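Open the model in your viewer and keep the selection tool ready.

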Amino acid sequence: MLGCYLDPKNDYAFRRIFGDEKREHVLRRFLNSVLRLQGHEQIKHLRIADPHQLPAIEGWKENVLDIRCWDQNEHNFLVEMQVWDQKDFQYRALYAAAKAYVDQLQAGEQYKHLRKVTLLSILGFCFLETPNYLANHLILDAETGEHRLKGVDFTFLELPKFTKNEEELETIEDKWAYFLKNAHKTPLHKFPAALHEPEIEEAFEVLETIGRSATEKQLYDAAHMMRMDHVSQIETGYEKGLEKGLEKGRKQEKLHIARTMRSSGMNEQVIIQITGLTREELETLD
């Protein structure tokens, strides 16, 4: 059976495709397309940071952003692949962008040195109510729509909302979304005809290279295991929290019943036998 390409949503694969300085042009084309940058806003060249040398962002996955880079105007771009839904994602996204914005200034520096920050979150879950798979959020005047505060903006690419097949792809961003969502379903050496863009072809080549290298495949598998462990920890924490909440609810119900029994004059020992509460717990009702 013919194998398929690896999954570009894997943390290791994603960083190999988009976070390698040798492939700056791939990330540049990707950002220009997905962020729909035109005219003077278009990225001409990028400086890509080593993600493990970036300052830790509390609460963010592994405390490391997937990719951070700067264009020719020192415009900051934060790129995050977030496959699994997590509680309070919107607040962590705000925090990450705001922290990247304020951390630009050293003590005593003037505000004029601050440069724009754009957070691009590629999501494996539905986050917004809009049916569009690609959404840009700006700070706008509620009445006039004026876009005066341009320091921080957010773009969300929600992969579950992207439902186009290969024949329906119309734009470059469509093609990138198709690649991210479906590359791992694509048989090796059967490149989708509609995706013939140089940078996307190169991205497929990276996935194939990782699959051929024993060392890189181990790193790919390790990233997958880390993600599964992370999900398992979240689910375990949720289950424990749910059980703790249920137990608290049961205790409150028993206390309510005991309070009713006491108000009707029932014997304390009988209340203990019926509810299973201790004498000390009954004393908390006084």
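Start with β5. This strand gives the largest share of the lining of the largest pocket: three residues. Keep in mind that the model is predicted.

Now look at the space itself. The largest pocket has a volume of about 520 Å³. Its lining counts 21 residues. To find the centre, select Leu 37, Glu 41, His 75, Lys 116 and Asp 153, the lining residues closest to it.

What kinds of residues make up the lining of the largest pocket: how many nonpolar, polar and charged? Seven are nonpolar, eight are polar and six are charged.

Next stop: the rings. The structure holds 14 aromatic pairs. Select Phe 179 and Phe 204 for one of them. Their ring centres lie 5.0 Å apart, with 75° between the planes. That arrangement is edge-to-face.

Now show the helices. Phe 179 sits in α4, residues 172–182, and Phe 204 sits in α5, residues 198–212. The two are 25 residues apart, so select both helices to see how the pair links distant parts of the chain.

Are Phe 179 and Phe 204 buried or exposed? Both are buried.

Terms used:
Residues numbered from 1 in each chain as written. Predicted model: local features only at pLDDT ≥ 70, side-chain atom pairs only at ≥ 80, totals over all residues. Heavy atoms only, no water. 1 Å grid on protein atoms, 1.4 Å probe; cavity = no way out; pocket = protein on both sides within 12 Å on 5 of 7 lines; lining within 4 Å. Points joined across faces, edges and corners; volume = space filled by probe spheres on them. Helix = DSSP H or I, 4+ residues; strand = E, 2+ residues; numbered from the N terminus. Nonpolar A, V, L, I, M, F, W, Y, C, P; charged D, E, K, R; others polar. Phe/Tyr/Trp six-rings, centres within 6.5 Å; stacked < 30°, edge-to-face > 60°. Buried < 20%, exposed > 50% of the residue type's maximum accessible area, 1.4 Å probe, protein only.
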